Amino acid sequence: MNELKSILYLVATPIGNLDDMTFRAVQTLKEVDFIAAEDTRHTRKLLSHFDIHTPLIRYDENNKNLVGGKIIERINNGESAACVSDAGMPAISDPGADLVKLAIEANIKVVPVPGANAALSALICSGLDTTKFTFVGFLPKTNKKCHETLENLKSREETLIFYESPHHLTATLKNLLTVLGNREAVIARELTKIHEEFIRDNLKSLIDKFDEIEVRGEFVIVVEGNENLDDIEEQFTNNQSTSENIFLVYNEFINSGLDKKSAMRETAKKLNVSRREVYNTILKFNVTV
Ligand code: SAM
């Protein structure tokens, strides 16, 4: 493999069970010139288990801007590199995605070495629809942004997949229930590890279960899509009436003598919507703002 120079390999590593390491992953990690890892201490353990002695450099969320360019420069100078994350597929909910963008901009060949991935492992055992799904990953941490994201997903008919850390699990389940309603869901816990389990129930019951116990381990949450077309129609009608309302209130303020900027601000305040939403609605109604 070493005659193939100037390549960035994206190498999947196990998400729990070391036997999920592929032969090709071991071979690639042995033969590249260096490995860019999210957590070098964590990856060193994996490398020593497979008797791999390739030099490691740290590439993570904190140093990615500084180190990314250096990695690209080394690859451009003829070295080959592998990017690994703490677990699973690099570039899925981790900084590897930014390295891939840099490599593509620099015309560097990017090669996948596939393997374990938490989202797909959870989905295939969920029993929910696997023909259409959306991988959401981690939801935003603030409640407001989290609700906004979920509102945008509410009418989607496909299965939804979320990543979550143990200390946010119940809060996220509550947000899912509030915005999406009481849907069927699956919590895939500790995938490929000794205590692997799939807990299948509706969101309300899942919250009751997890409220009572100390939450430990790693989790993927898989939620059924919106199967109720009436909801979608209702949401569409609601959205329409909100837009019309925004337009009417805005016009009232304009007619009462306010300038456009103040009318937008007052409309947003009165209807408890964002100024951006008022602005977009006014544009939609073809009014110059
Ligand atoms: N790159 C990884 C992948 O391909 O799945 C995901 C990395 S992301 C930073 C970490 C999240 O993945 C965790 O918070 C959890 O939601 C999920 N995860 C990783 N390993 C898992 C496991 N063994 N069981 C359940 N979820 C897991």
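Modeller: β7 (159–164) and β10 (219–223) each supply at least two residues of the shell around the ligand; strands here are DSSP runs of E, at least two residues, numbered from the N terminus. In this predicted model, local features need pLDDT of at least 70, side-chain atom pairs count only at pLDDT 80 or more, and totals for chains, interfaces and linings use all residues. Residues are numbered from 1 along each chain as its sequence is written, and side-chain values use heavy atoms, without hydrogens or water.

Colleague: Which of the 20 residues around the ligand come nearest?

Modeller: M89, N117, Y163, L191 and F219. A residue counts as near if one of its heavy atoms lies within 4 Å of the molecule.

Colleague: Why is the ligand said to lie between domain 1 (2–116) and domain 2 (119–227)?

Modeller: Both domains give residues to its shell, so the ligand lies between them. The bounds come from an automatic or database domain assignment. The chain also has domain 3 (239–284), and the C-alpha centres of domain 1 and domain 3 are 50 Å apart.

Terms used
Helices (H or I, at least four residues) and strands (E, at least two) are DSSP runs, numbered from the N terminus.
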